[in-house]
Amino acid sequence: MSVVFVPERLRGKAEVNQETLQRLLDENDQLIRCIVEYQNKGRATECVQYQHILHRNLIYLATVADAAPASVQKTVD
């Protein structure tokens with residue numbers, strides 16, 4: 001299960017910090033490796049499942065980046 005998947009009752013209460021973001025980036029790395037492996041094996045159903053999780057993670061990261069103050073975004077560049 002994705003580290004960003006939070007039940008509806010807990011949404012909006014999760015703290016976004018560097019450790020959480022790094023875990024999410026590590027998870028995305030693993031998801032990409034799994035997707036490539038399944039693609040090479042011709043297992044499209046498993047690819048789609050992992051692609052959905054990766055997509056959700058990327059949308060979450062983009063949302064966090066958009067919500068971050070401009071001063072924080074510039075120090076990362």
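This is a predicted model: local features need pLDDT of at least 70, side-chain atom pairs count only at pLDDT 80 or more; totals for chains, interfaces and linings use all residues.
Residues are numbered from 1 along each chain as its sequence is written, and side-chain values use heavy atoms, with hydrogens and water left out.

**Cysteines**
- A search of the whole structure finds zero disulfides, a disulfide being a pair of cysteine sulfur atoms within 2.5 Å.
- Cysteine 34 is in no disulfide, and the nearest cysteine sulfur, that of cysteine 47, lies 9.7 Å away.
- Cysteine 34 is buried at a relative accessible area of 19%, and cysteine 47 is buried at 5%, where buried means under 20% relative accessible area, exposed over 50% and partly exposed in between (1.4 Å probe, protein chains only).

**Nonpolar core**
- The largest nonpolar core has six residues, namely Leu31, Ile35, Tyr38, Cys47, Ile53 and Leu54; such a core is a set of buried Ala, Val, Leu, Ile, Met, Phe, Trp, Tyr and Cys residues joined through side-chain atoms within 4.5 Å.
- Two or more residues of this core come from each of α1 (18–40) and α2 (44–67), helices being DSSP runs of H or I with at least four residues, numbered from the N terminus.

**Helix α2**
- The buried residues of α2 are Cys47, Ile53, Leu54, Asn57, Leu61 and Val64, and the buried residues of this helix pack against α1.
- The 24 residues of α2 should span 34 Å at 1.5 Å a residue, which agrees with the 34 Å between its end C-alpha atoms, the expected span being 1.5 Å times one less than the number of residues.

Conventions
Contact means heavy atoms within 4.5 Å.
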